[in-house]
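This report covers selected helices and a few backbone features. The sequence and the structure are shown here.

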Amino acid sequence: MLHDPRVHEPLGGAPWDRASAEAAIRAIASEADGAMRGGDWWAMHPLDIEPGDPDVVHGVYLGAAGVLWALDHLARTGLHEPGHDHPRLAREVLASYEHRPEFGGPLPSVWLGEGGIALVAWLLSPAPELADRLAELVAVPDEDTLELLWGSPGLLLIAGVMFDRTGEERWARAWGALARYLLDRRGERLPGFWTQRLYGKVEEIIGAGHGFAGVVAALARRPDLLAHDRLLPDVVAALSATALLEDGRANWPPTLDEALVHRTGTIRTQWCHGAPGVVTSAAGLPRDEALDALLLAGGELTWAAGPLRKGPGLCHGTAGNGFALLKLFTRTGDEAWLDRARRFAMHAASQVAAERRRHGHGRHTLWTGDLGTAIYLAQCLAGASELPAIELW
């Protein structure tokens with residue numbers, strides 16, 4: 001079985017409609033802007049809270065920095081009329097994090113720590129002292145999880161964005177040092193894979209959120225600094241060796257151990273683990289017959305499995321899966337993938353509305369909630385496929 005039908009639901013019947021998509025974006029952004037609690041930022045949604053979690057979260061993934069970046073981005077694209085001074089607030093979020101960091105911080109992490117918060121503050125209001133602090137953060141860490149959310153692959157994203165925006169060679173040097181370090185760490189236990197030490201486990205994770213695919217996505221962002229031929233053969237070999245194939249569809253289990261001996265019930269079909277994240281991560285590599293076949297098969301599985309019952313978000317929801325379909329459109333030019341992505345977008349918008357009715361308020365996060373869905377809808381409007389806080393900053 002390549003996916004678990006119990007965690008998916010039938011695709012809704014609403015056809016793509018630009019006006020409805022834009023209205024959904026505006027509703028999400030307007031509610032989020034109005035829900036800010038002053039210096040306590042946004043309340044955590046019940047679906048995001050785990051025992052021991054803080055009430056205030058600052059980072060990009062599910063905290064205030066991600067919300068502010070999304071609202072600012074939507075405002076700059078003409079899809080939101082902001083009710084707050086987002087650049088000023090972004091600086092205040094950074095100061096608040098420095099005073100009361102969460103998750104055992106302060107940490108350099110791009111999505112869960114100071115790195116991403118400082119980057120958002122700089123993007124919304126560039127200042128030399130912020131750039132200098134970012135330059136201190138984008139260094140090889142003493143302890144590294146070797147995955148996107150907490151570890152050095154995320155720091156590559158910061159160095160790459162800063163190099164794009166400033167052209168300063170210090171960012172290219174930082175990116176190169178991190179990339180060399182990551183390539184040297186590949187194959188520590190098993191050829192072609194990075195070994196993650198995360199949450200008390202030591203294993204080779206395959207997916208985008210915490211594993212191989214996410215590292216590939218970060219490295220593939222800068223072919224000017226790391227030639228794609230350094231990555232492509234090993235990526236194709238690794239994905240070919242771990243793919244589960246059936247009837248023109250493909251999926252990938254969460255870990256290499258589970259790829260070698262697949263255990264029923266462990267496979268997932270979402271961005272963080274499974275085909276959608278593999279497709280979105282590897283789609284930045286050059287066209288290659290074997291890779292194209294795998295990515296198309298992963299896209300077919302994503303489409304056939306349908307929207308996720310978990311909700312509309314990016315990390316483990318319908319919008320994240322839809323990005324795989326958008327990536328295949330931009331990679332192949334086949335508008336059938338764009339049509340499919342837009343069908344997922346309309347379904348995700350209906351999930352946002354349903355969850356808002358159920359809980360009485362929105363889920364104000366970038367990667368688990370409504371703001372990521374709004375960015376996905378905006379990318380569908382534009383016929384683009386840039387994931388927020390990876391390619392889109």
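The crossing of α6 and α8 is left-handed. This description rests on a predicted model. The axes of helix α6 (residues 152-166) and helix α8 (residues 212-220) come within 9 Å and cross at roughly 20 degrees. That angle makes α6 roughly parallel to α8. On the α6 side the residues in contact are P153, L156 and L157, and these meet V215, A218 and L219 of α8.

Helix α1 spans residues 18-34, a run of 17 residues. From first C-alpha to last, α1 reaches 24 Å, close to the 24 Å expected at 1.5 Å a residue. Its buried residues are A21, A24, I25, I28, A29, A32 and D33. Seen down the axis of α1, these buried residues fall within an arc of 160 degrees, so they line one face of the helix. An α-helix has 3.6 residues a turn, so residues three or four places apart point the same way. On the other side of α1, A19 and G34 are exposed. The cover over the buried residues of α1 includes α2 (64-76), α3 (86-99), α14 (335-359) and α15 (370-382).

Most residues other than glycine have a negative phi, and most peptide bonds are trans.

A cis peptide bond joins G105 and P106, with omega about 10 degrees. P106 lies in the loop between α3 and α4 (114-124).

Definitions and conventions: Residues are numbered from 1 along each chain as its sequence is written. This is a predicted model: local features need pLDDT of at least 70, side-chain atom pairs count only at pLDDT 80 or more; totals for chains, interfaces and linings use all residues. Side-chain values use heavy atoms; hydrogens and water are left out. Helices (H or I, at least four residues) and strands (E, at least two) are DSSP runs, numbered from the N terminus. The expected span of a helix is 1.5 Å times one less than its number of residues. Buried means under 20% relative accessible area, exposed over 50%, partly exposed in between (1.4 Å probe, protein chains only). The arc is that of the directions from the helix axis to the C-beta atoms. Contact means heavy atoms within 4.5 Å. Axes are lines fitted to C-alpha atoms, for helices over the stretch in contact, and angles run from 0 to 180 degrees between N-to-C directions. Angles under 35 degrees count as roughly parallel, over 145 as roughly antiparallel, 65 to 115 as roughly perpendicular and the rest as oblique. A crossing is left-handed if the near helix is turned anticlockwise from the far one by less than a right angle, and right-handed if clockwise.
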